[in-house]
Structures are given as C-alpha cells and as structure tokens.
Amino acid sequence: MRGDVMRVVVVGMAYAVVTLPVDTFPVAYRAVRDVPISASVGGSGFAAARTLAALGDEVYLAAPLGEDAEAVAVDVAAYRYGVNSAMCPRSLPRSPRAVVLEGDGRRHISRDLGDARSARVDLDLGALATSDLVMVDGVLPTAALISSAQATGVPVAAALGTVSQPPLLEQQPYLGAELLVMGHDGHDEEHLVQTWRRRSAARLVVLTLGARGAVGMVQHSEELLHVPARRLGEGPRPAGLGATYAATLAHYVFARGCDARTAMEYAATAAAWTIAHPSEPGGLREDVLEAAAARAGGAAQAS
C-alpha cells in the first residue's frame, strides 16, 4: 500500500439514471405530466467506487460501457467524485441505463442493462499487480478476474447482493475472495453465514440484515458477530446502500486494518449516515464517518 492510501479497482455496474417523481403507486395514467425530472448516475459498482473515493482511497472504476452519451455521464460523475473511469471498457453496443419512479417514500427501478450481464471486464496483470484491492460485485461474471488477482497476490472483496442459500455452482469463484458481503432478507441467518464461512477462504464473511443490522464470521472461529443497525436520521433506503456498506467495510478492513467488529460498526454507521444525508453522496469522509460512529456509540477511532 502506498503510504496510507489504498489503490482499489472496482469492477461493477455503473449506469445513467433518470428519476421521475410520482404521486403514488400504482401510477395513474395521465397523458402529460409536468414534473421535475432529474438525471444522475447509479449502479452498485459506481456507488462502491464513490464511497471508497470519499473515504480517501485511490479508486479506478471498471464498469462495462458503450460509446454513447450515457458513458459520458458516467465519466463526468466519476470525475466529480474523484474516481478514475479510464479502466471502463467501451465495448457494449450501448451503455446500461435505468428509469426510477419515486413517490410515497418508495422507489421503483426499471433497469436496462443491455448486454452488460454477459459482458466481461478484463484487466491486465500489470493493472492488478499495482493494486492493493480488487472489489467486484455479483452482477458481472468475474471468475477469471478473481483468479488473476489471486495469482498476483492481490486480495479480492466481493459484494454478492442478496443470497438465501449456500453457495451455488456459479458462485464458487467468489469463495476465494478475502472478504464476502451479502444481503439477506430471510431467516436462519446464523446457519447461512456459517455455511458460507466454512466453504470459503474468506477472512471475513458478512450478511447484512437491513433494519436488524448485520452478522459476520471470521476465519477459524465459530463466534457469530452481530452488529445492530445504526440510526442517525430518518429517510427511505437509497439505491446503492448495500454497496456503500460493503465498500466501507472493505476500506476499514484493508486500508485501516480494523478488526471485523470495528469494521462492521463503521459500515453500519456509513449506511445510517447515507440514509440521513441523501443529498450528500460524496460527503462520507473518514472524519465525518468516525465522528458519526462516536455519536452513535459505535466504533472507536481507526488507527
């Protein structure tokens, strides 16, 4: 690691988003509606990259894009948040995009990923070898990339989205990652996290449980770590919250060398801060997060 700055390559989704406010769900038909339509950039890969950059890491985004206006929007947003998008391949017929309807505190997302689900992100060994961490999300096929990172001795953090069962065949490549983060909206989370931890080589496996917090297990231990959710203000769950949690966890594990419980407490605080500050997506700096963690009775100052 170069000084105290971690160099991270984030492989995941990034797409242009158009957001339309609605009065209620289901949306009543009207021939014409005059509403304030907004444009932004989203995607789990972009949210993770933005979070890591805000925390002070040197971040390179590798998201499959096309050569179009949506790709330019991703580039502009990445530059705004201090993320380098030069590693994004531009080989798709068109870039992914999404339309979001917001109303009644709820959100309906219509995503059009085009060929992105089948697109591979190939990074040369030189790019991997000069990194301190590779972070991947479970939407894209990244088996070859994980193997290459492991061959160069670079740790991998994987955010797999929501899971409800033990590792499936297509998820086997992720079992070699050093950090596994997954969402879970069911029950028997203790058995699930135990199964993933025993079958993987990960030094830490974390299962997020929404309002119930998160549970985790470290390698060579049967202790179940439970960290409750934090509350720093009210608000709806924003898009990309799981990616923010996973990226914060990875930062405090790999860049700051925190123990599992402390890193999970910071990640829980990051999620709570993001809910309470929906208009400040780039404001989650280390000093802000650690002050919020102290107010919430969470983690101590990172060394």
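**Salt bridges, sheets and buried residues**

With a relative accessibility of 32%, Arg 261 falls into the partly exposed class, which sits between buried (under 20% relative accessible area) and exposed (over 50%), using a 1.4 Å probe and protein chains only. The model is a predicted one, with local features needing pLDDT of at least 70 and side-chain atom pairs counting only at pLDDT 80 or more, while totals for chains, interfaces and linings use all residues. Residues are numbered from 1 along each chain as its sequence is written, and side-chain values rest on heavy atoms, with hydrogens and water left out.

Glu 223 is likewise partly exposed, at 47% relative accessible area. The side chains of Arg 261 and Glu 223 come together in a salt bridge with an N to O distance of 4.0 Å; such a bridge is a side-chain nitrogen of Lys or Arg within 4 Å of a carboxyl oxygen of Asp or Glu. This pair connects distant parts of the chain, 38 residues apart: Arg 261 belongs to helix H7 (residues 260–276), and Glu 223 to the loop between strand E12 (214–218) and strand E13 (225–227). Helices (H or I, at least four residues) and strands (E, at least two) are DSSP runs, numbered from the N terminus.

In total there are 14 salt bridges in the structure. Another one of them joins Asp 75 and Arg 90, whose closest N and O atoms are 2.9 Å apart. Asp 75 is in helix H2 and Arg 90 is in the loop between strand E5 (83–84) and E6, so this bridge ties together parts that are 15 residues apart in sequence. Both ends are partly exposed, with relative accessible areas of 23% for Asp 75 and 26% for Arg 90. Arg 285 and Asp 287 make a further salt bridge, at 3.1 Å between the closest N and O atoms. Here, too, the residues are partly exposed, Arg 285 at 42% and Asp 287 at 48% relative accessibility. Then there is a network: Arg 94, Arg 97 and Asp 112 are joined by salt bridges that share partners.

Asp 68 is a different story. This residue is buried but has no salt bridge, and the nearest side chain of opposite charge, that of Arg 94, is 6.6 Å away. (For charge, Lys and Arg count as positive and Asp and Glu as negative; His and the chain ends are not counted.) Asp 68 sits in the loop between strand E4 (58–62) and helix H2 (69–80). A polar atom of the Asp 68 side chain lies 3.0 Å from the backbone nitrogen of Ala 71. Leaving aside residues up to four places away in sequence, Asp 68 touches Arg 94 and Ser 95, where contact means heavy atoms within 4.5 Å.

Strand E1 (residues 7–11) is mostly covered, with five of its five residues buried. Arg 7, Val 9 and Val 11 point one way from E1, while Val 8 and Val 10 point the other way.

Tyr 174 is in the loop between strand E9 (156–162) and strand E10 (179–183) and counts as buried at 7% relative accessibility. From Tyr 174 to Thr 274, 100 residues away in sequence, the C-alpha to C-alpha separation is 27 Å.

Terms used: A polar contact is a pair of N or O atoms within 3.5 Å; within protein, one must be able to donate a hydrogen and the other to accept it, and residues adjacent in sequence count only if both atoms are side-chain atoms.
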